[in-house]
Amino acid sequence: MRHRSNSWSPSNPEPAVDFYTAWLPLLPSFVRDNILDQLILPKVSSAIADWSPSAAKRGTAPPLHKLVFPWLEHAGERMDMVLDEAKRKVRSWLKAWKARDGVPQGLDAWKSVRRCMHLAAAAFARSCLLYTSPSPRDS
């Protein structure tokens with residue numbers, strides 16, 4: 001299993017995601033956590049650190065969202081550090097952007113994630129609110 005999970009490329013995550021999800025129901029949580037912590041997320045983090053908008057534009061690097069998004073649903077909170085680095089990359093990408101270059105390719109993918117994050121945060125906030133009806137004394 002370790003060999004299979006080490007032989008994938010973050011720029012082509014589908015085989016690793018398929019492999020991981022196929023084994024997911026059979027693995028105890030500590031093994032799943034170990035696979036993410038030791039084999040998957042370090043590779044994803046390294047690929048994000050090496051990513052540059054100019055390399056993506058030349059086609060020598062994948063779009064940034066292709067490195068990050070496939071693992072979001074599987075890694076949960078473990079993705080926080082990875083997402084922080086990816087967000088820094090997006091911010092620097094946008095700072096260097098010039099209007100004459102047109103809309104940066106792949107930017108629309110981040111918009112959909114942002115929308116999902118807002119919806120998830122709103123759902124969480126609703127679940128945390130305690131709705132009580134006023135007591136007769138409050139009237």
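A residue is called buried when its relative accessible area is under 20%, exposed when that area is over 50%, and partly exposed in between. With these terms, the face of helix 2 that is turned away from its buried side carries the exposed residues Asp-18 and Ala-22. The model described here is a predicted one.

**Overall architecture**

- The protein contains 7 helices and 0 strands.
- Read from the N terminus on, its elements follow the order α-α-α-α-α-α-α.
- The protein has 139 residues, of which 28% count as buried.
- Among the contacts with a separation of 6 or more, 63% are made by residues 24 or more positions apart.

- Helix 2 spans residues 14–23, and its buried residues are Ala-16, Val-17, Phe-19 and Tyr-20.
- Viewed down the axis of helix 2, these buried residues fall within an arc of 165 degrees, so they line one face of the helix.
- As a general point, an α-helix has 3.6 residues a turn, so residues three or four places apart point the same way.

**Aromatic pairs**

- A pair of aromatic rings is described by the distance of the centres and the angle of the planes.
- The whole structure holds 4 aromatic pairs.
- One of the pairs joins Phe-19 and Trp-23; it is tilted, with 6.3 Å from centre to centre and 55 degrees between the planes.
- Both Phe-19 and Trp-23 belong to helix 2, where they are 4 residues apart, about one turn of the helix.
- Phe-19 is buried because its relative accessible area is 17%, whereas Trp-23, at 36%, is partly exposed.
- Another pair is formed by Tyr-20 and Trp-71, whose ring centres are 6.2 Å apart and whose planes stand at 75 degrees, so the pair is edge-to-face.
- Tyr-20 lies in helix 2 and Trp-71 in helix 5, so this pair ties together parts that are 51 residues apart in sequence.
- Both partners count as buried: Tyr-20 has a relative accessibility of 6%, and Trp-71 has one of 0%.
- Tyr-20 and Trp-71 also belong, together with Trp-8, to one aromatic cluster.

**His-65 in helix 5**

- His-65 is located in helix 5, which covers residues 64–75.
- With a relative accessibility of 16%, His-65 counts as buried.
- When neighbours within four places in sequence are left aside, His-65 is in contact with Pro-70, Gly-106, Ala-109 and Trp-110.

**The largest pocket**

- Rolling a probe the size of a water molecule over the atoms shows where empty space is left.
- The largest pocket holds about 410 Å³ of space.
- It is lined by 18 residues, and those closest to its centre are Pro-53, Lys-57, Trp-93, Pro-104 and Gln-105.
- Helix 4 (53–58), helix 5 and helix 6 (79–96) are the elements that give two or more residues to this lining.
- Helix 4 contributes the most to the lining of the largest pocket, with 4 residues.
- Sorted by class, the lining of the largest pocket comprises 11 nonpolar, 5 polar and 2 charged residues.

Conventions
Residues numbered from 1 in each chain as written. Predicted model: local features only at pLDDT ≥ 70, side-chain atom pairs only at ≥ 80, totals over all residues. Heavy atoms only, no water. Buried < 20%, exposed > 50% of the residue type's maximum accessible area, 1.4 Å probe, protein only. Contact = heavy atoms within 4.5 Å. Arc of directions from axis to C-beta. 1 Å grid on protein atoms, 1.4 Å probe; cavity = no way out; pocket = protein on both sides within 12 Å on 5 of 7 lines; lining within 4 Å. Points joined across faces, edges and corners; volume = space filled by probe spheres on them. Nonpolar A, V, L, I, M, F, W, Y, C, P; charged D, E, K, R; others polar. Phe/Tyr/Trp six-rings, centres within 6.5 Å; stacked < 30°, edge-to-face > 60°.
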